[in-house]
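Dear colleague,

I am handing over the structure below, and my notes on one helix and on the salt bridges follow it. Please read them with the structure open.

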Amino acid sequence: MTVEPLPLTGERTVPGIAAENYWFRRHEAAYLDLVRHCAGAVVLEAGCGEGYGAALIAGHAARVVALDYDELTAAHAGRAYPELAVLRGNLASLPLRDASVDVVANLQVIEHLWDQEGFLAECARVLRPGGRLLVTTPNRITFSPGRDTPLNPFHTRELAPAELASLLVDAGLRVELLAGLRHGPALRSLDERFGGSIIDAQVAVVVDGGEWPEDLLAAVASVRSEDFEITTDDPDASLDLVAVAVRE
């Protein structure tokens, strides 16, 4: 069965689009790094978006429940990835019983939420003792530098490393890992090639509304998930934050 792709709105990334490949691979890199925590587990992906990440997790987990608030998005994920149990629901009130899952995955979602504290409290509620919450989110320090409001109009509140850690602790979770995603050697080489930042080069094309230069589009299409690194060294300087927190 052929499933029509979700439209690009700027709110989420989707696979299979050359001009979107940098962002897709950046998100995929975090899934590939964190999926080890999902082996044999019952997993809730809170904010599944297009569904590709939940499907990746499903290759390792015992069961994956994929939850999204948007009706069109949830319907697409259910059609595109029949191995998932897809629900539509509000992340501020998760439609699961207490202590019913081993892992909650929340990748590139918390920055979209108005009630981040309430959401994290819900994650702690549905996790079993010893269960893990996996979170990635843009690093406010580097994503919207020097701003009080996010650059991305779909983001409500971005977080710095210390702010994310504080929210997790306040929700009653123990921070097991706080790391950062950054460019590896191949992407640092592309940064140099495109005036210091391949991210800025892409943003400039989108803002100007012009045609993609062939060399830039080819470079973006060539990016692989392994071109990103995740390390605990200096998370303040990272592109995205990567956190693992445990319910005691």
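On the face of H8 turned away from its buried side sit the exposed residues Asp-200, Val-207 and Asp-208, where exposed means over 50% relative accessible area, buried under 20% and partly exposed in between (1.4 Å probe, protein chains only). This is a predicted model, in which local features need pLDDT of at least 70 and side-chain atom pairs count only at pLDDT 80 or more, while totals for chains, interfaces and linings use all residues. Residues are numbered from 1 along each chain as its sequence is written, and side-chain values use heavy atoms, with hydrogens and water left out.

Helices (H or I, at least four residues) and strands (E, at least two) are DSSP runs, numbered from the N terminus. The buried residues of H8 (residues 198–208) are Ile-198, Ile-199, Ala-201, Gln-202 and Val-205; seen down the helix axis, they fall within an arc of 165 degrees (taken from the directions from the axis to the C-beta atoms), so they line one face of H8. After H8 comes Gly-209, with a positive phi near 70 degrees.

The whole structure holds 13 salt bridges, each a side-chain nitrogen of Lys or Arg within 4 Å of a carboxyl oxygen of Asp or Glu. In one of them, the closest N and O atoms of Asp-102 and Arg-128 are 3.0 Å apart; Asp-102 lies in strand E4 and Arg-128 in strand E5, so the pair ties together parts that are 26 residues apart in sequence. Asp-102 is partly exposed at 24% relative accessible area, as is Arg-128 at 30%.

Best regards
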